[in-house]
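Biologist: I am new to this structure. Please walk me through some of its features.
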Amino acid sequence: MTPSSPGDPAAAAPESGACEVADADGEWWRSAVFYQVYPRSFADSNGDGVGDLGGLVDRLGYLELLGIDALWICPVMRSPMADGGYDVDDPRDIDPLFGDLAVFDELIAEAHDRGIRVTMDLVPNHTSSRHPWFTAALAAGPDSPERARYIFRDGRGPGGDQPPNNWPSIFGGPAWTRVTEADGRPGQWYLHIFAAEQPDLNWDNPEVIADFEQTMRFWLDRGVDGFRIDVAHGMAKPSGLPDMERVETKMLVHDDTDPRFNNPAVHDIHRRLRKVLDEYPGAVSIGEVWVDDNTRFGEYVRPDELHLAFNFRLAEAAYDAAEIRAAVNNSIEAVHTVGAGPTWTLSNHDIEREVTRYGGGTVGPARARAMMLLELALPGAVFVYNGSELGLPNVDDLPDEVLQDPVWERSGHTERGRDGCRVPMPWEGKRPPFGFTTAERSWLPMPAQWAELTVEAQLERLDSMLSLYRMAIELRSSRPEFAGSGLDWYGSPADCLAFRRTGGLVCALNASGAPIPLPPGEVLLASAPIEGNMLPVDAAAWLV
């Protein structure tokens, strides 16, 4: 492999230094490794079979050993759990399922003592239908100040029997539910882009944004280092709530013409939220932004809006060198013009795990190892979903009776939802629940085959996925070759790719069907054993 020249067709990439954005003082998030914790699936401290904050505190030593810089904790606020905590009825308290404010404070203090920052999920688009505001809205009736906090509309057709527009819910079915008024008659409809138990807030209402600012300050004052903003492209709704031209109900299908999302007024909301964050030096905001158009995506990370935004191109790319390279280029280009840093992730609590996505069996883990090295070699922030470092596969044969994702019920049992990527972490031992809980079983059952994938088993093997993650994260944080944000592509054989970082690191990945010669340099780390000067199939290597 050789560096691309201007006339080389393999040189279809940003010019050298195209993504050069120097880390400013205090902007720790630009190159941080975040570890996403889905709390109910991480570790259980009280024996009820569900993970909690106490379990997370107990396992902080493991996370320190892994070498991560920061935590992203999925919602732990008070919630009826209709959607795994993304239906919040008190955003300024901890749900008893996970503990209380005292254990949350303990978590922040102990994480900080270990050099680990703590970010948490906030859910601005909607509340729980059990939130006191929504209960008051149902009781107050049409045209009341209470209903003005949400999006209530009269129905269409005779007697208002039809929803106000044709919008579908992300979880299937219509995005509207009709209420029964206090006098017993069928009444108005309320909007819920997600489940019926998640009514959308009206962000045109000053009370809504003022309350959310209060929530941010509540957690920032407790020492939280920032927030992941759920559905950060979704709070603003278009005037008149027009019908959709093309109705699509599937989860995580994004369309830049979808009127439910990415309306221009959302940027005024983010500017107000950024002003709150700026009162707390070092605090970060990370947006969940499903927007394809690069110009519109970049608007979310302008200097006065979000600090970071998730770009899911790499997670959506097949294990194909051309697709991977295009995803990397796209992610860098999307933020370059506004001076923001890129983000990288291969999976999360909504996406099929990468081991399964890349083919499962023996090929899936090999490819996941290679993609992890590629991801950690890239400039920017990296997000690791709990269990990825163990090479956990999706569990796609969960019994029907244990499924809890609202997608399962709202699709009429035609879509199994996301539970398969949320099965708890295996920690130790030879049989389920593998030290996750002292209960007989975990909230989602764990496969017996995971005995070889436990943290305990993998810490004993230098060739394990966990050991590879530990070595890669340590090298990334300590070696000068990872400095800078520039990236140059090398010319490479078909179905392969290689790039060089500004600091000197070279990363090569072989997605072809035969071994290939390595680029020049000394091998720093490889995802598979190197024989001679050849990079094996489905492997990646770092060279200096």
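Biologist: How many cavities of 30 Å³ or more does a search of the whole structure find?

Modeller: Note that this is a predicted model. The search finds 6 such cavities.

Biologist: What lines the second largest cavity?

Modeller: This cavity holds about 180 Å³ of space. Its lining has 16 residues. Pro91, Val123, Thr127, Leu201 and Phe212 lie nearest the centre. Helix α5 (residues 206–221) gives the most to the lining, with 4 residues. By class, 11 lining residues are nonpolar, 4 are polar and 1 is charged.

Biologist: How is a pair of aromatic rings described?

Modeller: By the distance of the centres and the angle of the planes. The whole structure has 22 aromatic pairs. One of them joins Phe104 and Trp219, edge-to-face, at 5.1 Å centre to centre and 70° between the planes. Phe104 is in helix α3 (residues 101–113) and Trp219 in helix α5, 115 residues apart.

Biologist: Is Phe104 buried or exposed?

Modeller: Phe104 counts as buried, because its relative accessibility is 0%. Trp219 is buried too, also at 0%.

Biologist: Why is the pair of Trp489 and Phe499 called edge-to-face?

Modeller: Edge-to-face needs planes over 60 degrees apart. The planes of Trp489 and Phe499 are at 80°, so the pair qualifies. Their ring centres are 5.6 Å apart. Trp489 is in strand β15 (residues 487–491), and Phe499 is in strand β16 (residues 496–501).

Biologist: Which residue lies over the face of Phe152?

Modeller: Arg147 does, at 4.6 Å from the ring centre. Likewise, Arg357 lies over the face of Tyr358, at 5.2 Å.

Technical notes: Residues are numbered from 1 along each chain as its sequence is written. This is a predicted model: local features need pLDDT of at least 70, side-chain atom pairs count only at pLDDT 80 or more; totals for chains, interfaces and linings use all residues. Side-chain values use heavy atoms; hydrogens and water are left out. On a 1 Å grid over the protein atoms alone, a cavity is a set of points where a 1.4 Å probe fits but cannot get out, and a pocket is an open set with protein on both sides within 12 Å along at least five of seven lines; lining residues have an atom within 4 Å of a point. Grid points are joined across faces, edges and corners, and a volume is the space filled by probe spheres set on the points. Helices (H or I, at least four residues) and strands (E, at least two) are DSSP runs, numbered from the N terminus. Ala, Val, Leu, Ile, Met, Phe, Trp, Tyr, Cys and Pro count as nonpolar, Asp, Glu, Lys and Arg as charged, and the others, Gly among them, as polar. Rings of Phe, Tyr and Trp (its six-membered ring) pair if their centres lie within 6.5 Å; planes under 30 degrees apart count as stacked, over 60 as edge-to-face and the rest as tilted. Buried means under 20% relative accessible area, exposed over 50%, partly exposed in between (1.4 Å probe, protein chains only). A charge sits over a ring if NZ of Lys or CZ of Arg is within 6 Å of the ring centre and within 35 degrees of the ring normal.
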